[in-house]
Amino acid sequence: MEASRRDVLRLGGVALSGAMIGGCAQVARRLPKNEPPEDLSLPSGNVDTTVRLLNRAGFGPTPGQVAQVKAMGHEVWLNAQFARSSPEDYRLQAQLMRLDVLRIDGMELRDINEDLLVRQLNQAALLRGIYSGDQVYERMVDFWTNHFNIYARKGLAAYRKAMDEKTVVRDHALGKFPHMLRASAHSPAMLAYLDNQFSRKEAPNENYARELMELHTLGVHGGYTQRDVREVARCFTGWSIQRGFLQRKGAFFFDEARHDTGEKMVLGHRIPVGGGVEDGEQVLDILAKDPRTAEFVAGKMCRHFLGDTDSPVKATLAKAYLDTDGDIQSMLRPLFLSKELLEGPPVAKRPFDFVVSAMRAVNAESDCSEPLQKHLEQMGQALYQWPMPDGYPDGAQPWTGSLLARWNFAMALAENKIPGTDTNLKDLADRTEQKNPVDAASSLVFTRKLDPDEVRTFERHAGQDVNKAAALMLASPEFQWR
């Protein structure tokens with residue numbers, strides 16, 4: 001099927017007007033397939049608040065999920081998500097268990113090619129985003145992974161990143177922000193990425209100190225000075241990585257001999273002479289409790305989930321942070337149930353979000369190996385490979401150049417042309433009980449009914465082919481937003 005850029009934009013405009021591991025794949029395909037619910041009846045009306053919740057708090061609905069969440073109610077669903085009460089998907093677990101990067105300690109992976117490890121990291125992220133029932137958790141893992149970004153191609157980061165993601169992000173994604181901040185400060189992957197393993201009293205390295213305040217806590221406009229950067233760098237001298245003989249290589253290590261024990265002054269707080277590792281710990285405590293950190297984290301959540309850093313919701317989230325010592329769930333609950341999220345303007349999907357939501361919409365079966373990852377790379381978001389410490393950008397503008405790659409992916413996915421990935425849109429269409437293939441495709445992709453003009457427009461380009469109709473809908477502007 002061929003569709004011009006103008007055709008896709010025209011179809012999208014009408015829609016908007018209505019509102020790698022080969023063995024791993026072989027093993028997974030022997031398991032029973034994930035079956036969608038028998039009842040895929042479409043709720044009447046245009047895109048509604050339930051669809052918006054699933055698109056923002058998670059990575060979009062799977063067939064039949066909108067009706068299920070409507071029946072539960074938003075707050076009940078959210079409570080279940082926070083409790084992580086969804087049963088584990090055994091197909092997902094079977095695929096993850098075969099990834100060396102998740103099973104073997106970082107320094108023991110040194111015999112494995114770096115490219116393979118990066119592909120496995122990407123594979124794990126895609127598998128979890130598409131198939132995990134803990135959608136809020138996985139959404140926040142993606143959010144915090146970018147907040148504490150580490151470039152996997154620098155030094156040995158590819159070998160350390162899996163452990164960093166587990167102990168920093170995955171262990172604390174729905175917990176307390178100060179705990180996650182502390183875990184990041186002790187992460188060998190983060191210390192190496194920002195060069196702190198070389199920081200010593202004679203020559204404090206300021207990289208980690210600067211990013212700790214600018215990107216992890218206070219924000220670029222957080223009121224700290226260059227002197228604060230120098231003093232924080234002094235506090236973290238000696239925070240390094242174990243390289244000693246008969247020691248656990250690659251683990252966090254405080255080198256007392258390299259630490260500056262002199263008095264420091266950080267953001268108006270005196271850190272007395274004679275300190276050791278506790279100097280850095282005190283800095284983390286100061287930053288975690290600072291109201292500017294609460295405001296910065298709240299604003300970043302608003303930008304990601306609402307598209308507006310300065311939303312009125314920010315004050316509510318910042319207060320929740322300060323009242324609960326940085327409890328993440330206490331911030332997310334009012335955010336996810338807010339009118340601003342459920343009824344506000346759309347937010348652009350980054351490529352990872354787009355790919356995962358498309359796979360979920362058509363109930364695709366995939367090993368998420370290199371062929372699928374290539375599509376994500378062509379859209380500009382090869383995971384774990386953003387070289388700057390600020391993480392992949394939010395907002396639409398940075399991703400406008402990925403539209404052609406998105407259209408190519410949509411066509412390949414719907415027409416079953418991605419090796420390692422299978423779709424059966426005809427079967428799904430039959431389950432929707434929609435007689436018209438265009439209506440059936442819309443119930444899966446847009447989770448809404450089309451008006452007559454929209455139906456005629458899609459029929460003119462896709463005929464009665466549900467695969468072509470779904471491809472055009474996945475490629476349309478409407479599906480690029482959440």
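**View 1. Lys 161 sits in helix α10, residues 157-170.** Helices here are DSSP runs of H or I with at least four residues, numbered from the N terminus. This is a predicted model, so local features need pLDDT of at least 70 and side-chain atom pairs count only at pLDDT 80 or more, while totals for chains, interfaces and linings use all residues. Residues are numbered from 1 along each chain as its sequence is written, and side-chain values use heavy atoms, with hydrogens and water left out. Is Lys 161 buried or exposed? With a relative accessible area of 2%, Lys 161 is buried (buried means under 20% relative accessible area, exposed over 50%, partly exposed in between, using a 1.4 Å probe and protein chains only). Setting aside neighbours within four places in sequence, Lys 161 is in contact (heavy atoms within 4.5 Å) with Leu 121, Thr 145, Phe 148, Ile 150 and Tyr 384.

**View 2. Here's helix α8, residues 114-131.** Look at the start of α8: a side-chain oxygen of Asn 113 comes to within 2.7 Å of the backbone nitrogen of Asp 115.

**View 3. Helices α11 (residues 177-185) and α15 (residues 278-289) pack together.** Two packed helices are described by the angle between their axes and the distance between the axes. For α11 and α15, that's an angle of about 145° and axes 10 Å apart (axes are lines fitted to C-alpha atoms over the stretch in contact, and angles run from 0 to 180 degrees between N-to-C directions). From α11 come Pro 178, Leu 181, Arg 182 and Ala 185, which meet Glu 281, Leu 284, Asp 285 and Ala 288 of α15.

**View 4. Staying with α15, we zoom in on Asp 279.** Asp 279 counts as buried, at 2% relative accessibility. Which residues does Asp 279 contact, leaving aside its neighbours within four places in sequence? They are Cys 235, His 259, Asp 260, Lys 264, Ile 271 and Pro 272. Val 232 is 47 residues from Asp 279 in sequence, yet their C-alpha atoms are 8.8 Å apart in space.

**View 5. His 74 is found in helix α5, residues 74-83.** His 74 counts as buried too, with 18% relative accessibility. Apart from neighbours within four places in sequence, its contacts are Thr 49, Thr 50, Leu 53, Val 69, Leu 337 and Leu 342.

Definitions and conventions
Helix = DSSP H or I, 4+ residues; strand = E, 2+ residues; numbered from the N terminus. Expected span 1.5 Å × (residues − 1). Polar contact = N/O pair within 3.5 Å; in protein donor to acceptor, adjacent residues only side chain to side chain.
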